[in-house]
Amino acid sequence: MDWAQLWEIVSLPDNVPIVALMLLVPFFMWYGLRQSFATDRMIARLEADSKLAKDHHRKFEPYRKGWDQKVHVWPYLLRIELLAAVVVTLILMVWSITLDAPLEEPANPNLTMNPAKAPWYFLGLQEMLVYFDPWIAGVVMPTLIILGLMVIPYADKNPLGNGYYTYKQRKFAILAFCFGFIVLWLAMIFIGTFIRGPGWIWFWPGETWDHHRLVFEVNRDLPEILGITQQPWVGIFGALATGLYAWAAGWVCHRFLVWNDFNKEIYARMTLTHYLIYQFFMITMLSLPVKMVLRLVFRIKYVWVTPWFNV
Amino acid sequence: MADEKSREEKTPVEEASEQAEKKSPNVIVRIKETVLPFIEKGKEDVRAAQDYKKSQVWKSVFRHQLDETPRNRALAVLTNVFLHLHPAKVNRDAVRFRFTWGMGGISFYLFFVLTITGVFLMFYYHPSKGQAFQDIQFLENDVPFGGLLRNMHRWAAHLMIITVWLHMLRVFLTGSYKTPREFNWMVGVILLVLTMLLSFTGYLLPDDQLGFWAVTVGTNMARATPLLGHEGPFGPELGMTPFNDVRFALLGGSIVDANALLRSYIWHCIAIPLILSVFLAVHFWRVRKDGSISGPSPAVLESELKKVRK
Amino acid sequence: MRKFGIFLLTIVSIGLWVACGGGAESEAPADTAAPAAEAARRVDPATAASLQGKVNYSGQAPQLARLRMGADPTCDKQHSEPVYAQDLLVNDNGTLENAFVWVKSGLEGYAFDAPTGQVTLDQQGCVYLPHVLGLRTGQELRILNSDPTTHNVNPTPANNRDWNESQGPNAPEKIKTFARQEVMIPVKCNVHPWMKAYIGVVDHPFFAVTGKDGAYELKGLPPGTYTVEAWHEKLGPMEQQVTVAASETKTVEFSFGG
Amino acid sequence: MVQRLKSWWKSLSKLEDQPVPERDPIVNSSLAIPLALSSLLLMLSLVWAFYEEGWGLRPWRVYQDEFQELFVSALEKKKPVSREEEQAILASSGYQELLARLRQAEESRQSDLQSLEQQEQQIRQRLAILTRPFTTARSEIQAKRYEVETASASSRESLARQLDELRQRNYRIEFPDGPQDYTFGELEEEFNALKAEQGHVQQRKVELLRAPARLQRQLNEYVNNRLAGLTEVQLDGLIGEARGQGIYIRQIHNPEINLVDRCESCHLGIREPVTLTADEMGGRRVFVSHPRPELLALHDPETFGCSPCHNGNGVGTVSVTKAHGKYKHWLWPLFAKENFEAGCLQCHQNDRHLRYADTLTAGKDLFQYRGCMGCHPRDGFDTEPRETREVQKQITDLFAEKQAEQLKAERLLNLGDRAATNEEANQLYADAQAVTLDVAAIDARVDQLRVRADELLLEVKKPGPNLKEVRMKLRPEWIPRWIENPQAFRPDTKMPQFRLSPEDVQAVSAFIWQSGVEGPLDRQPQGNAERGRQIVESRGCLGCHSVGEGEQQHGGNFAANLSRVGEKANYDYLVRWVHAPRRRTLPYCPVHARDITPEDYAGQGLPFRFDLEYNRCPLGDHSLQVQNQNVMPSLRLTEQEARDIASYLMTQRHADAQYAPVPFIEDQALFDRGRFLVRHHGCAGCHEIAGLEDEGKIGTDLTLEGSKPIERLDFALLTHDAKKEGWYNHKGFFENKLRNPAVYDQGKIKEPLERLRMPNFHLSKEDIDRLTTFLLGSQESVVPEQYHFNPSDQRADVQAGWVVVKKYNCMGCHEFYAGQPTSLVDLPQYQGDGREKLPPNLIGEGARVNPNWLARFLENPALSREDVHRNGVRPYLDLRMPSFDLSAGEVQKLVKFFQALSRQPLPYLPVPQEPLTDRELVLARGLFTSQAAPCLRCHATGDPRTDQTKTAPNFALVSERLKPDWTRRWIVHPEIISPGTAMPSGLFREEAARWVFALGRVPGLESYPGDHADLVVRYMFQFTPQEQRRLTGR
């Protein structure tokens, strides 16, 4: 266990935000979900007895008749905003005084940094380069991520859980989102920052980042493994394989979509477009972990090899 | 006290008259005639000064009283250019940190901080090779609070990215992107992207190894843009070379160099902030128009979900 | 990284900012107070002891080389009988002449009155008189040339200024001093290669040159333990440890082997 | 406890179950406390920020405070000392005398001065009264004149009239001695007159005061010149200054080299005019003054700053670490104490020897002498082979060019023949002629290059001996022992220990042995070992070689220690070697790239003879390598002496030394393997080896090693230890590599041939520091070209000369600058009287000797072709100036070098000496022979009977060897030209601006009006053999 190394990475000024992120995200997940569950419990009670449901103010926060539904922004909101501003400033001050922003050697194109890493918030993409060709990882994926985020409101036809924390009413949406945001995006960033050392080799935390380390990895293409080496067969096979995956993933996603009656209910509200958009993004999203497994576990580089592009 | 004042006012007049008696009478009369009106006016001012709140100046500045009436509270927000982003009243539980996490607000505040620190930094920075690096050193060693300024700018930038992400997380968890807020969610996503770009373009400016290679790595991906990158699928087929593809457009050259520095400087300091603030305005405006922040709104029960008719 | 540590701690406890105040402290200047040099001791005549003794020579008195002054007739003329080298003069009582005895160590920290009077080194008949002489640092050495020929006085010290000046017949005397202790400084004359003299420069008054009786005496020594050295140009130096009590008179014999 | 935790967790998780408070929490709860608290903290953080700004990040403020106190107190301590000194000087007679003269001068002028001042006073008064009315009048008139000039014709004369009126108007001036009337004209005159008079008076005053002023200046100079430090007043001035100093960043800025150095913001003492030691400054090394002020005098900090020499981050001020650049991301960290001379190389790349930089120079010496340059290319080292290649190339190029030119000329001539008109024809012929002239020029150039090429054959040297001769020179069984571990046999040898397995050692030995050449070697009778020892001790061998082992070891370390030669060498060869060290068995032909054998000569019907004269290859018209490529010179010993020395050396052995038989050495099978290994390990870099004469260097070029990116230095598996232990930097890399060249193979699994090849030199700590310094300094310079020390004047000759001096280790015997150590000076036989037996020191040699003579002397130190077993100049010395067989080029370099060192112009044109009149001749002779004048006592006269006892050169040499001006200075003041010389001073004394013989009377000389010193000099320079005979009465 090379503590010095670990410290070196963790204490890298630019990595501090990630460390913070690793603490903040779990906290806020819990912070939010805890309210969701509270609401869910309340909803359960209300579902159970309709009488209560009639005159309940429908929030888990304590409430008595006669308390006003709305409060003045001044001072009740502004004071909090003020507090927030002060606290943030305080944090920034302390942070800035105690920790210097990095300034390394003058830029030198002839001297490659090893590892050369993108800013931490893009490390997810850089890590993705391991699993996909640049054109996917660097261009297609980011675009899709943005688009995917944008279409969420339209793809999600669930009318419930609008404006209040709830888990039960939006299980699927929340799970999917957390999967994308935490498991894929953040985890990738984490790997890219703390796991990937010189030569973008996989170092477990606490392993020494040795510039001379060599690892033996043959990454072969799926067709190769199956003994298909001739174009166009390789291409065709790849297309089939990919198609197969798409079908399988689609099927899984569909099962999720019609998990229970409630989900069916929502499914019923979807038009074909909705459905296709939903499927498209779900399949693409799932492709990442699948490819990761193929790459990391089965050492498979490409599934689909064509003269123009590889997947 | 008013009459006391007036007495004071008088005395000089009396003296004057006494002296006048020794000379010619008409002089006294003239003095009285001239002086007294002024005294009257003086009295008026004093009276006015006694209840200043009725004065024209005061009224022109303050539109409402300060005492704790609901009306005033509402006015306090509505009549204030900075606060009028807010509605007069909000959902009682929306003021709970527990619900909002305050991340949106904090992100905005950070943007504000970044703008200010950024402007100061611009005073000391030249976006040219070599000079840039020296300027950073200059900041650290010479400029009063220069180091603090730079650190704050950088850390605020990082922090902003985090808060923006958390903001998104919160909005998602509360399902606040749902009708009628779909569009605002989209704006939000754009803001998110812009924030990251803003931070990314800033990364190169110190012109040190860290930034240089980060940007190199970052922009190298652009090579592989399908169709538009000279290494991307169908790029070469479309006649893409390192000197005319999308990466060249980003860097203003085939390598990260002086031009790249200048470009990222312009993007970082002018273009992106402008775009971002436009979207920011839209974002806030929409928040208001879509009925303030989304909740916490009363939970809806499954049972109340009306069936879609087939 | 120091700062970063502080950062983490700061998050833990705000109170720490005080400690941080010490963050940029520079190491305090080292204690400048140098120990005051204790005043130099002076010799108390009341308790003054003295050393005496002989410098003996156990070997045979050697046949001394004859000095051939043919190169400079004026030298030859001055001598009726042959002149011999003085590099090993043994007296009849088996003692050595021209041995230089001095207190080599043990007097550190004593202060002595400035030297007075001059010591004379004469050049007569192309020979230095005396052949060996003692001198205190800073004491004036008076150099005469009583020869009708030109000499040059060329001391070759190891630790003193070196000079080499010619001195014509009946030229004015030279007054020289040596600033640093050195035993011995050879003096020679390049014009007359056979001319040799040795000057012992000592920074205290306790030295002596043995004469025809081969005896020496060092008076007025403060009580203490000393290293006494006897030096001879051919036989080299010889040391002895000696301790003298207050106003004691001790005898220290040196004996060089043949 | 657990209960409490449970309930707490419940309250966290089960939000809705909390009891509903009576009053609305949102409206009634208060944020006052958190707000107050956080704002308080914010305030605190602000305070903190201010602290950091004021002190935390501005440590120099603290330093400056501290410095002020320490500095002032230090100066206060100095005051009494300088006061005493000053008092002494003020008391001195010289000062008093000056003072008296000053006083006297002042008094004598007192009265005149007063009268002058009165005059001036009056004039000033009158002027004061006069000036105002005059100027008003003048301006009025001028204004009016302008009007007139610009007026229209009509109004002109009226205006003109007014002008005249003005001119005529009467001005009444009220002087104290009654009023006076003037017209403007008169007024003007009066005014100018007064002005003139005033100037005149002042002028007189100045003249009057000139003399006293000069005396005053002399007085001040008198004090300043004699005072070691500063006067008390000056000290007080400094103190006042220091007290008045504000706290601010001290900065040196030189835009030319874009330099910004704030070093002096903390190192405040550096440039103070007093020396500040750490103790004086309370033990704070920060505040000491620069230890080498003379260096600062040479390199004005205002121009050069600090960081170009010392490295570090000159801009940094926020912390010591940052400023010294001792952090990961600063590429040029401050040089460590033991390496700081590395900075000199920034500008002094070309100085083989650099004053004030002993460590660095020693590093360069090591790089050359230990044979680093055998494997590693480095600018300025082992340049000869490269130059040889260049010369050859140029020659071939010129040939090509020549042919082209000739063709061109031909073409032009033909064109001329066929030209239409005569004009054209002649033009073309003229052009043709011009071209042929170029051809001639080319020929000249080629000839020069050919000469140079031959010179280079002489100049090329190898650090190690010629291995072609092993068969004749060595005992075979000694070879493997030696190769296996040279240091074991000879601890301080320059031969390093290679990483060879026992088998490898056998193979290498076999190859070396078998590749050796055979040749005629005549049997030598035994010599007298004891005499040999004496010769070795006295003849100068010890200038380079050392003898004896351990404690007994004494002599120079430039060449091998001779203590165990007996165990390795073959006597017959040794004799030859000692007698003629450069003698080869077979000449080597660079063109045929092989040794030329007697057969080759026989084949051409030529005698088998080769030396510096007979150096043409029998197989073609080109030069041969006729000498061994080693620097060992010939001491011009007789055969017998050579035998004696050899016999002595053969006795130098360990009695118990055992050598196993080496059957393998003749084993043909090992040859190829051995050859391969020898090439692999680059032995040919230092040794001449048959068949490997043209091997290149196998090491990396070290010219810019110091500025290689740290990432490019391969710490291999030690990288992380290096980082942890803090030596992950150039210094660390070099030091470790030098300490153990194999270090970076540690833990690595490598094939024998993949392993690092650098052999182990077993360097001492000091040597490692020296080499490290040299390597660290070998950087790309950060300062621009014009700052580098590449002088175009004589100083360039000095640079070039040092290379030669170092190459042949002249400094082993001679002193080139005051205080330079030589190998001989400490030897027992040169103490006391022995000092006169030392070789002459060469300080000021250039001023002393005639360069043309010097050149001849260097070529042949015996100054004679016949009688060579002697010193040309100082026959009385046992030590002998050896013959180095220098190339003409090297001789030239040396001569220029000496001339340049003493700033003597070249070429040297001696000043003709005015011939002596008969009277003068008589006088001079009288002086020389007089009893009082000791000249002939010491100086040789060419009379073998007496010369052995003499201790100074022969006068017969003077006229061609010396320079008159120097000779005069010498006889007048030998002690200042060469301190400690046997030449006595005080021969002449100054008397009324001429030098007079000081030692007693010489008949007739008193009446001689001329300068005696001059007389003597002229006499010496017209000294003839007859004259000499006459003097010595033969």
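Trainee: How many residue pairs in polar contact does the rule find across the interface of chain D and chain A?
Mentor: Eight residue pairs, both partners at pLDDT 80 or more. Polar contact here is a pair of N or O atoms within 3.5 Å; within protein one must be able to donate a hydrogen and the other to accept it, and residues adjacent in sequence count only if both atoms are side-chain atoms. Keep in mind that this is a predicted model, where local features need pLDDT of at least 70, side-chain atom pairs count only at pLDDT 80 or more, and totals for chains, interfaces and linings use all residues. Residues are numbered from 1 along each chain as its sequence is written, chains are lettered from A and ligands numbered from 1 in the order in which they are written, and side-chain values use heavy atoms, with hydrogens and water left out.

Trainee: Which elements of chain D give two or more residues to the side that touches chain A?
Mentor: Helix 1 (2-13), helix 2 (25-28), helix 3 (32-56) and helix 27 (719-725) of chain D. Helices are DSSP runs (H or I, at least four residues), strands are too (E, at least two), and both are numbered from the N terminus. Helix 3 of chain D gives the largest share, eleven residues. By type, that side of chain D has 20 nonpolar, nine polar and 13 charged residues. Nonpolar covers Ala, Val, Leu, Ile, Met, Phe, Trp, Tyr, Cys and Pro; charged covers Asp, Glu, Lys and Arg; the others, Gly among them, are polar.

Trainee: What makes Glu22(D) and Arg64(A) a salt bridge?
Mentor: The term asks for a side-chain nitrogen of Lys or Arg within 4 Å of a carboxyl oxygen of Asp or Glu. The closest N and O atoms of Glu22(D) and Arg64(A) are 3.2 Å apart, so the pair qualifies. Across the interface of chain D and chain A, the rule finds one salt bridge.

Trainee: How much area is buried between chain D and chain A?
Mentor: About 3500 Å², with 67% of it from carbon and sulfur atoms. Leu15(D), Glu16(D) and His329(D) lose the most area on the chain D side, together 17% of what that side buries. Buried area is the accessible area (1.4 Å probe) that two parts lose on being put together, summed over both.

Trainee: Which chains share the most contacts?
Mentor: Of the five pairs of chains in contact, that's chains A and B. Contact means heavy atoms within 4.5 Å, and 108 residues of chain A are in contact with 98 residues of chain B. The area buried between chain A and chain B is about 9800 Å², and the count of salt bridges there is five. Glu61(A) and Arg96(B) form a salt bridge, with their closest N and O atoms 4.0 Å apart.

Trainee: How far apart are the nearest C-alpha atoms of chain B and chain C?
Mentor: They are 13 Å apart, and these two chains do not touch.

Trainee: How do you know that strand 1 of chain A pairs with strand 1 of chain B?
Mentor: Two strands pair if DSSP finds at least two bridges between them. Strand 1 of chain A and strand 1 (residues 89-91) of chain B have three bridges, so they pass, in the antiparallel sense. His72(A) stands opposite Lys89(B) there.

Trainee: Which way do strand 10 and strand 11 of chain D run, parallel or antiparallel?
Mentor: Antiparallel, with four bridges joining strand 10 (residues 988-991) to strand 11 (residues 994-997). Arg989(D) stands opposite Val996(D). Two residues lie between the strands of this hairpin, where Ala992(D) takes a positive phi near 50°.

Trainee: Does Arg636(D) count as buried or exposed, and why?
Mentor: Buried means under 20% relative accessible area, exposed over 50%, partly exposed in between (1.4 Å probe, protein chains only). Arg636(D) has 7% relative accessibility, so it counts as buried.

Trainee: Which peptide bonds are cis?
Mentor: Among them is the one from Trp74(A) to Pro75(A), with omega near 5°, and Pro75(A) lies in helix 4 (residues 73-98) of chain A. The bond from Leu129(C) to Pro130(C) is also cis, with omega near -10°. Pro130(C) is found in the loop between strand 6 (127-129) and strand 7 (132-136) of chain C.
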